[in-house]
Amino acid sequence: MNFFNVYPLMDIELVKGEGCWVYDSDGQKYLDLYGGHAVISVGHTHPLYVQRIRDQLDKISFYSNSVINRLQLELAEKLGKLSGYDDYQLFLCNSGAEATENALKIASFQNEKSKFIAFSRGFHGRTSRAVAVTDSPKYRAPADAVHNVAFFELGDLEGVEKSLQNDDVCAVIIEGIQGLGGIYEPSAEFLMGLRSLTEKYGAFLILDEIQSGYGRSGKFFAHQYVPGLRPDVITIAKGMGNGFPIGGILIRPDIEGWFGMSGTTFGGNHLACAAGIAVLDIMENENLLQNVTDVGNYFIQKLKEIGEAKEVRGKGLMIGIEFDHPIAEMRKKILREHHIFTGVASNPNVLRLLPPLTLSVEEADLFVKSLKEVIGQMKSPGVSV
Ligand SMILES: Cc1ncc(COP(=O)(O)O)c(C=O)c1O
């Protein structure tokens, strides 16, 4: 059977991972500054993570959401404590898109409205409602066109308010820091403005922290750089399971669920919870938020000092390096000649870095050195960029 051809593959087979490093089938070692789309949070094959999943496999790996699962309670308690949202409610699912779907759906159940506001360059997933609030028409099939969505530029509070005035907007959805779009941060004023406008007009404010959350920015959630900002719903996935598929939404305390309002077969299963608990324990034990802040600040400063990029953006270990030309060739050289994985963005001039949260200063230095060399080579006469 052939695979449905939707992924352009690199000619590399990875067979092993350890910390911030991965190894291919020829034994070649690579520095992983991409974490497979921001997924690897506590590092590849962290011993505690592996042990917890192994132990859980020996006990019970799955049962449905029709019985008590204490691991879910443990996960919720730890997540509440570490994130500062212990008064919120947790719904568990399996992926980012599913988290987006549930967030939008619960908002709509609650306020009985159906229009959404989203932002230019935003990405929220590929299922129907999630892709409808994603600013990328090419991902939308005709059947996804049934949703009513208005897009605005980040910062356009006036436009958002005009739309909200019609009183039909269910929710405003925004990423803590835009990831796939190319690492763009909404300003604190804009986020606070959205908070007061959504309150004024009875719409939900949904913070998509699927990529920017779980410590990636140096705070548990990127929106926590804005003091006092409390969204109605927060979506999570990616780093939550360090590669084990798990997602979720944090829901404002006063919203009441009812049986059947949402549900999933696999969401919150025993194995996924074991992975999720291990991630939170490691984050706490190893003080990873501090590591992300320290190494992230250092890394961003060193990248700026290279002096060749148009802009270096981001917070913590969510970094975008924008050049005034496409980065495709540069990225290829970094991979093939320096054996470092990096990421792209929908802005073709942006190189995106999303390493494990355990990255060290030495590993950051290695990339800075490699990037300088590649830039130097590409500036040499006869090499076009
Ligand atoms: C901000 C954001 N939201 C949602 C998603 C969708 O997550 P998933 O691919 O797990 O469905 C992504 C994935 O890249 C994302 O970056």
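Colleague: Is Asp-26 buried or exposed?
Modeller: A residue is buried if 20 or more other C-beta atoms, placed from the backbone, lie within 10 Å of its own, exposed if 12 or fewer, and partly exposed in between. Asp-26 has 8 other C-beta atoms within 10 Å, so it is exposed.

Colleague: What pLDDT do local features need here?
Modeller: Residues are numbered from 1 along each chain as its sequence is written. This is a predicted model: totals for chains, interfaces and linings use all residues, side-chain atom pairs count only at pLDDT 80 or more, and local features need pLDDT of at least 70.

Colleague: Where does Asp-26 lie?
Modeller: Helices (H or I, at least four residues) and strands (E, at least two) are DSSP runs, numbered from the N terminus. Asp-26 sits in the loop between strand S2 (21-24) and strand S3 (29-32).

Colleague: Which residues does Glu-13 touch, not counting those up to four places away in sequence?
Modeller: Glu-13 is in the segment before strand S1 (14-18). It has 9 C-beta neighbours inside 10 Å, so it counts as exposed. Two residues are in contact if their C-beta atoms, placed from the backbone, lie within 7 Å. Beyond four places in sequence, Glu-13 touches Asp-24 and Ser-25.

Colleague: How many residues of domain 2 are in contact with domain 1?
Modeller: Domain bounds come from an automatic or database domain assignment. That assignment gives domain 1 (47-285) and domain 2 (287-379). Their centres, taken over C-alpha atoms, are 27 Å apart. Domain 1 contributes 19 residues to the contact, and domain 2 contributes 20.

Colleague: How many charged residues are on the side of domain 1 that touches domain 2?
Modeller: Ala, Val, Leu, Ile, Met, Phe, Trp, Tyr, Cys and Pro count as nonpolar, Asp, Glu, Lys and Arg as charged, and the others, Gly among them, as polar. On that side of domain 1 there are eight nonpolar and seven polar residues, and the charged residues number four.

Colleague: Which helix gives the largest share of the shell around the ligand?
Modeller: A residue is near a molecule or strand if its C-beta atom, placed from the backbone, lies within 6 Å of it. The ligand has 15 residues around it, the closest being Gly-96, Ala-97, Gly-125, Ile-210 and Gln-211. By class, the shell has five nonpolar, eight polar and two charged residues. The largest share, three residues, comes from the helix at residues 96-111, H4.

Colleague: Is Lys-238 buried or exposed?
Modeller: Lys-238 lies in the loop between strand S9 (233-236) and strand S10 (247-251). Leaving aside neighbours within four places in sequence, its contacts are Ala-38, Val-39, Gly-96, Ile-210, Gln-211 and Tyr-214. With 28 other C-beta atoms within 10 Å, Lys-238 is buried.

Colleague: Within what arc do the buried residues of H6 fall?
Modeller: In helix H6 (residues 157-164), Val-160, Ser-163 and Leu-164 are buried. The arc is that of the directions from the helix axis to the C-beta atoms. Seen down the axis of H6, the buried residues line one face of the helix, because they fall within an arc of 100°.

Colleague: Which exposed residues does the face of H6 turned away from its buried side carry?
Modeller: The cover over the buried residues of H6 includes strand S5 (115-119), strand S6 (148-152), strand S7 (169-175) and helix H7 (188-201). The face turned away from the buried side carries the exposed Glu-158 and Lys-162.

Colleague: What is phi of His-339 near?
Modeller: His-339 lies in the loop between helix H10 (328-338) and strand S13 (340-341). It is partly exposed, with 17 other C-beta atoms within 10 Å. Its phi is positive, in a residue other than glycine, and is near 55°.
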